[in-house]
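Dear colleague,

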Protein chains: 2
Amino acid sequence: MMERIRKQILQALAGGEISVYKLIDLQDASLPEFFQLLQEMEEGEIIQISDGKVGLTEKGRELAEKLGAKYFDVSCEHCEYTGLKIHDFFKDVLDKYLEIAKERPETVEEYDQGYISPEGVIKRVEFVYERGDLLKSRIFVVGDDDLFSIAAALTGMPEKIFVVDIDERLINFINKVAEEYSLPIEAMVYDVQQAFPEELKKKFDVFVTDPVETIPGLKLFLSRGVSTLKGPGCSGYFGITTLEASRKKWYEIQKMIHDMGFVITDMRRKFSVYPQDEKNFFRFQEKLPIVEKLGAKIDYDWYKSTLYRIEAVKDPKPLVEGEMIIDEAVYRDSESWATPYGAD
Amino acid sequence: MMERIRKQILQALAGGEISVYKLIDLQDASLPEFFQLLQEMEEGEIIQISDGKVGLTEKGRELAEKLGAKYFDVSCEHCEYTGLKIHDFFKDVLDKYLEIAKERPETVEEYDQGYISPEGVIKRVEFVYERGDLLKSRIFVVGDDDLFSIAAALTGMPEKIFVVDIDERLINFINKVAEEYSLPIEAMVYDVQQAFPEELKKKFDVFVTDPVETIPGLKLFLSRGVSTLKGPGCSGYFGITTLEASRKKWYEIQKMIHDMGFVITDMRRKFSVYPQDEKNFFRFQEKLPIVEKLGAKIDYDWYKSTLYRIEAVKDPKPLVEGEMIIDEAVYRDSESWATPYGAD
């Protein structure tokens, strides 16, 4: 596998020196794997790194040439790899969303918060719409620092959106917006570790979440979402990165999905981008392990996630229903290199 | 689940009357499920069908309005939902490929052949390139009516491409092109039902296939591909439709993938389109069950597949290694409504 990542890096650098954060975005390994490979290639004098820029050495250039490594950006510049445009109807939704989001609470490290770009939120809503999962549906959102509930409700399509989040500031903000704009949203403070409330079980058609990417975190977030679904045919949407979740972790996640009675219907690579907004989690970038390791400030939107869609083919079976207190930190494991040190 | 498909249909028709083949493309159900729902909606006087066009009845329009169903095409028109453009380097590859493909053997119903669009083939090559799976790699192709091997080899990047196909005409064509253009391709006649040749096992980095979409067919095509891989980190690319493979079948496929030691890293909906070329399988459209059922000629590129990418996280373990003669037809099951009646 690392042989492939090495080729991705050589291809990327064959086009010239680039920011190390852009390089992260042009390869598929997790952050610890990437960092180790970077060190090996530097020690092997294939690449040189300075001031957050990575380039090929003379020896590296010879190697790249011998292999025939060339850099081509094949992603569609119009939709930024998502395959979706923002339709005029949804542009109006985006405008209102942007106005509202100005007042959003800023992310706090305590809860490992971080939000995706407004355009990414709208495209997620569009994708849910396209699947027939938005119209007159009951949607449950587990953790909503993205304010997905607001974007979805602004379309006027969902019947009801219920949000749970551990952060009271966020819940108050969402409830206030819901009231002000007469949106069918209800938000409630809830920690995924607590037993899941009976009255919310089997009441929804769709769940949406951006889980914490540790195995216990994933199990909890996905189980809580799954608990809310009515039955077969219901679906879930969530983002997972390749950066803080290696392929071995993805393998475990896919097993969980299967065991809960779901098929994966979509996996859209790099669908969601976490921008460097002043309120986003890059505010405390000095507390992110990857930034410390690289010793360079973030200068590129490198943190992206793959959008999964899953659909129940059996009666949805959450892996956890009662309380599950995680002894180790909920938010961190050995791959959490983009999670602030304070998040535990 | 059918409730969701019903919403997709109402949304699609809220924009006005459309070809029934376009409608197939705007919903997620398999062909038998779609057809059944179409009949129910016609009997319920929600829709009317004539001359291959579907529209809402008066009652249907009222229902759509009550629900607030609206049609928006949210797909990016520049890349046709794929997220990828064709980069200049690959445009040159496309030009050569088109020139060569003029002489391709026409599809025969006997082998359930059908090929994806040249642009789709090139984008598949680009996606393989982007993953680092093209450069100096050894690629195995199981069934190559798409002529993927030729497109990939024309980039000059792969070390070696080995093709197996049951169709001698295709094998001869590929070998002739390989010789004429000095491409590192070797093609051999082989029926996936035969025991897999020892000398081809564990010799490749990547496999590519477009499996027959019956469970035994899928098991065979994927197992043969998996047999060729060297070890963990190696990958496979293949297309599967939602039209001839329901979500229950996808669930089984995903279990197979997991059991063979693989994680799914990508699933790109509608990535590959089967165009209505004169040599393609729509030539014998009167033999396709769906065409017979609908009683309307094809007037839209409706047959598309999702591109899967899988990656071995363990030692790849094919589900079948020896001979496996399929008693029932290899090519057909109750969902094969776009497979010609002659294909068994």
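To compare two copies of a chain, the copies are superposed by least squares on the C-alpha atoms of residues with pLDDT of at least 70 in both. In this predicted model, a rotation of 180° with 0.0 Å of shift along its axis places chain B on chain A, with an RMSD of 0.0 Å. This is the relation of a two-fold axis. Within chain B, the C-alpha of B:Gly83 is the nearest to that axis, at 2.1 Å. Both copies use the same surface, since 100% of the contact residues of chain B recur in chain A.

**The interface between the chains**

Chain B and chain A each contribute 60 residues to the contact. The size of an interface is often given as the accessible area lost when the parts come together. Between chain B and chain A about 5,900 Å² is buried, and 55% of this lies on carbon and sulfur atoms.

There are 10 salt bridges across this interface. In one salt bridge, the side chain of B:Glu311 meets that of A:Arg247, with 3.1 Å from N to O.

Several elements of chain B supply at least two residues each to the side that touches chain A, including helix H1 (2–14), helix H10 (247–259), strand E9 (262–273) and strand E10 (304–312). Strand E9 of chain B gives the most, with eight residues. Sorted by class, this side of chain B holds 24 nonpolar, 14 polar and 22 charged residues.

**The two domains of chain A**

Chain A consists of domain 1 (2–67) and domain 2 (88–312). Their centres, taken over C-alpha atoms, are 32 Å apart. The contact between them draws 17 residues from domain 1 and 18 residues from domain 2.

The two domains of chain A bury about 1,600 Å² between them, 60% of it on carbon and sulfur atoms. In domain 1, A:Tyr21, A:Asp25 and A:Leu31 lose the most area to domain 2, together 44% of what that side buries.

Five salt bridges are counted between these domains. A:Asp299 also forms a salt bridge with A:Lys53, where the closest N and O atoms are 3.7 Å apart. On the side of domain 1 that touches domain 2, helix H2 (20–25) and helix H3 (31–43) of chain A each supply at least two residues. By class, that side of domain 1 has eight nonpolar, four polar and five charged residues.

Yours sincerely

How values were computed
Residues numbered from 1 in each chain as written. Chains lettered and ligands numbered in written order. Predicted model: local features only at pLDDT ≥ 70, side-chain atom pairs only at ≥ 80, totals over all residues. Heavy atoms only, no water. Contact = heavy atoms within 4.5 Å. Buried area = accessible area lost by both parts, 1.4 Å probe. Salt bridge = Lys/Arg side-chain N within 4 Å of Asp/Glu carboxyl O. Helix = DSSP H or I, 4+ residues; strand = E, 2+ residues; numbered from the N terminus. Nonpolar A, V, L, I, M, F, W, Y, C, P; charged D, E, K, R; others polar. Domains from an automatic or database assignment.
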